[in-house]
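Hi,

Here is the structure I promised to pass on. My notes follow just below it.

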Amino acid sequence: MRWPGIAGLILLLTIAIGLVAVRNEWIDVPPAWSPWKPLDVTVPPNLLTRYKLSRLTGDGVLCRQVLRSTAVEFETLMDRATGENCGFTDAVLVRRTPADVGEEFSLTCRTAVSLALWETHVLQPAARRHFGQGVSGIEHFGSYSCRNVYGRPAATRSRHATAEAWDVAGFVLADGRRIRVARDWQGTGAESAFLDEVRDGACRFFDGVLSPDYNAAHADHLHLDRGPYRMCR
Ligand SMILES: [Zn+2]
C-alpha cells in the first residue's frame with residue numbers, strides 16, 4: 001500500500017475521532033485547546049490563539065463578547081463610511097486598556113482584542129520583569145484616520161483608514177517614569193530591551209508591526225495593525 005500506508009491511516013483516523021470527541025465534548029479539554037470555544041484573553045496564548053483571533057474577523061457579535069471579557073473599557077461604535085476606502089465596521093471606542101490611554105481612540109473590535117492580548121501577555125509581564133512594576137499609562141498618536149500610507153497621494157490606503165491600526169509612542173510606569181520610543185529605542189539599557197521585547201511580542205497578536213527598525217517614519221512610535229499582511233520589523 002502506498003502513502004499514507006496503514007500507519008498513516010490509523011493516525012488520520014485517530015485525529016479525526018479526537019476532533020469529533022472534542023467537538024461533542026465527549027472528552028474534557030480545557031477551553032483554550034478547543035478550536036470551537038471562543039478566545040479567552042486571560043489564559044496563556046497557545047497554538048490555537050491566532051486561529052481563534054481570525055474567527056473574530058467579520059463576526060462582530062462574537063468579537064464584542066470576547067472583548068467584554070477583557071479589561072478593555074470600550075463602547076460600541078456605529079459602522080461608518082467616511083470616504084473612498086475609509087471608514088470602519090465592528091469598531092469600538094477604547095477608553096482604557098485598562099491602562100490610562102489619555103485620549104480615547106477608535107479601533108475595529110478584532111484589533112482591540114489583539115491589543116488586549118498584547119497588553120496582558122507581553123506589555124505588563126515585560127514591564128514587571130524589567131522594572132519591577134506594571135504599566136499604568138500608554139501614550140499614543142491615535143488610530144483612525146482617513147489617509148494613505150505615509151500620507152502619499154498615490155499610495156495605498158493605510159490600515160489607519162479602516163481603524164485597524166494604532167500608533168504607540170511610549171509608556172508610563174506605575175511610579176510615573178516614562179519610556180519613550182523616540183528617546184529610548186536606541187541604547188543598551190533596560191528601556192531599550194523592554195521596547196524591543198514589547199515590539200517582538202506584538203508580532204504574536206497583530207499582523208503588521210513597524211518600529212524605528214523599519215524606517216525613519218516610525219522613529220518615534222510603534223505601528224500596530226491588523227490586516228492582510230504579516231510584517232514584523
Ligand atoms: Zn501607524
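Which residues make a nonpolar surface patch of about 390 Å²? The patch is formed by Leu11, Ile15, Leu19 and Trp36. Patch members have over 30% relative accessible area and no salt bridge, and nonpolar side chains (Val, Leu, Ile, Met, Phe, Trp, Tyr) are joined within 5 Å.

Before going on: this is a predicted model, where local features need pLDDT of at least 70 and side-chain atom pairs pLDDT 80 or more, while totals for chains, interfaces and linings use all residues. Residues are numbered from 1 along each chain as its sequence is written, and side-chain values use heavy atoms, with hydrogens and water left out.

Trp36 sits in the loop between α1 and α2 (49-54). With 36% relative accessibility, Trp36 counts as partly exposed (buried is under 20%, exposed over 50%, partly exposed in between, with a 1.4 Å probe and protein chains only).

Helix α1 covers residues 5-23 (helices are DSSP runs of H or I, at least four residues; strands are runs of E, at least two). Gly5, Gly8, Ala21 and Val22 of α1 are buried. After α1 comes Glu25, with a positive phi near 55°.

Now the metal: His160 (NE2), Asp167 (OD) and His223 (ND1) coordinate the zinc ion at 2.0 to 2.1 Å (donors are N, O and S atoms within 2.8 Å of the metal, or 3.2 Å for Na, K and Ca; water is not among the atoms, so sites may look incomplete). Asp167 lies in strand β7 (residues 165-173) and His223 in strand β10 (residues 222-225), so this pair ties together parts 56 residues apart in sequence. Asp167 and His223 are both buried.

Best wishes

How values were computed
The expected span of a helix is 1.5 Å times one less than its number of residues. Patches are made of residues with over 30% relative accessible area and no salt bridge: like charges are joined within 9 Å, nonpolar side chains (Val, Leu, Ile, Met, Phe, Trp, Tyr) within 5 Å. Accessible areas come from the Shrake-Rupley method with a 1.4 Å probe; for residues, only the protein chains shown count as cover. A salt bridge is a side-chain nitrogen of Lys or Arg within 4 Å of a carboxyl oxygen of Asp or Glu.
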